[in-house]
Amino acid sequence: MALQNEDKLEVGYSSLHPKPKKWVLLMLRLLAFFATAAATVVMGLNKETKTLVVATVGTTPIKASLTAKFQHTPAFVFFVIANGLASIHNLVMIMADLFGQKLDYKGLRLAMIAILDMMTVALVSGGASAAAFMAELGKNGNSHARWNSICDKYKTFCDHGGGALIASFAGLILMLIISVMSIIKLLIKPKPDDELESTGLIPSGVNACRFNSELGKNGKSHARWKKIC
Amino acid sequence: MEKINKIFSNILRLIALAATVVAIVFMVTSHGSAQVLNLTFTAKYSYTPAFKFFVIGEAIAGGYTIISMLLSFKTQFWRLIVILDMVATVLLASSISAALAIAQVGKKGSTHAGWLPVCGQVPDFCDQVTIALIAELSSSGHSFLLQAM
């Protein structure tokens, strides 16, 4: 009889709190990790070489080779660095989610996750937009400043850069959703004790201490059970 | 404690709004012209899509800041305000990065692409754009701090 009561209480408790399930956040983080890692790798290996015949001396043509690398443009360097840091951040968060559930520092775990998520989102958004406008400049040029477009000469460079940008924007949107979910998780206030009693799940006057050992697997989220003791 | 939190976050929003307005005004009124060999060479913010995006992004973020200051006196919208705060911060960070990237190319040029720096010919334009960028930097910093509250 007592065992049935505890089972019923456990089921009742989990349906009372519709928190976002853990696997949704993990899946989103995994997808964001793949997106930002792909953007980093594709832009990091972006290089194109073109050889032109500059002059002909006798019968041997003199060739000059011009390369387009991502390091030539500070915006692309920032893009690679920002996406690299974002993928490292996502990897660390995935590891912490899977293996480090007990890691906590003075109860600030959720706050630290939320703040780090926000910082990474701002970084990735900066990197992605800087690279996007630089790519637009390279594709269309600027007639007012007498800057010629370079994409017609280096087509593969532009294509790969565009692909990296798309991956980065997808990662940005995913990380935005993740960050919003982390902040809302931080701000959900736990319900007060008298509300629980009025729902009828705890019969009033019963010592709820002995439920702690069965239900208190995640110590933090069951904090208000410990308060009753 | 809640009251103090609310007042402090409203002050932050006000500072961010003021910096946004300064940035928009300086970017929109930036104008420079130079005469080189009978050719007039003008520079305006609307010649570059990056600066246009800067002004539009600032305007949206500034409008959102005004609305959120008015809405923060009702507490039922707090989830919506958290989400929109995040979107506004991302927009601000985005606009300043884009404008900074293009301004850097304008100032230093790019030898690999054969692009000459433009700032030597229109120094007034460059100065005004620099002021707009600095104001925007402070605005996005305050908006980011706001999220931590």
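This short talk covers the disulfides and the annotated transmembrane regions of a predicted model.

Ground rules first. Local features need pLDDT of at least 70, side-chain atom pairs count only at pLDDT 80 or more, and totals for chains, interfaces and linings use all residues. Residues are numbered from 1 along each chain as its sequence is written, chains are lettered from A and ligands numbered from 1 in the order written, and side-chain values use heavy atoms, leaving out hydrogens and water.

An unreviewed UniProt entry lists "transmembrane region" for residues 23-45, 75-98, 110-135 and 164-188 of chain A. Positions follow the numbering used here, feature names are shortened, and annotations may be inferred rather than shown by experiment. Take two of these. Residues 110-135 of chain A are 100% helix and 0% strand, with end C-alpha atoms 37 Å apart. Residues 164-188 of chain A are 96% helix and 0% strand, and their end C-alpha atoms lie 36 Å apart. Helices are DSSP runs (H or I, at least four residues), as are strands (E, at least two), numbered from the N terminus.

On to the cysteines. How many disulfides does the structure hold? Two, over all chains. A disulfide here is a pair of cysteine sulfur atoms within 2.5 Å.

Chain A: Cys151(A) joins Cys158(A), S to S 1.7 Å. The S-S torsion is about -100°, so this disulfide is left-handed. Cys151(A) is buried at 11% relative accessibility. Cys158(A) is partly exposed at 24%. Cut-offs: buried is under 20% relative accessible area, exposed over 50%, partly exposed in between (1.4 Å probe, protein chains only).

Chain B: Cys119(B) pairs with Cys126(B), sulfurs 1.7 Å apart. The torsion is about -95°, so this disulfide is left-handed. Cys119(B) is buried at 15%, and Cys126(B) is buried at 16%.
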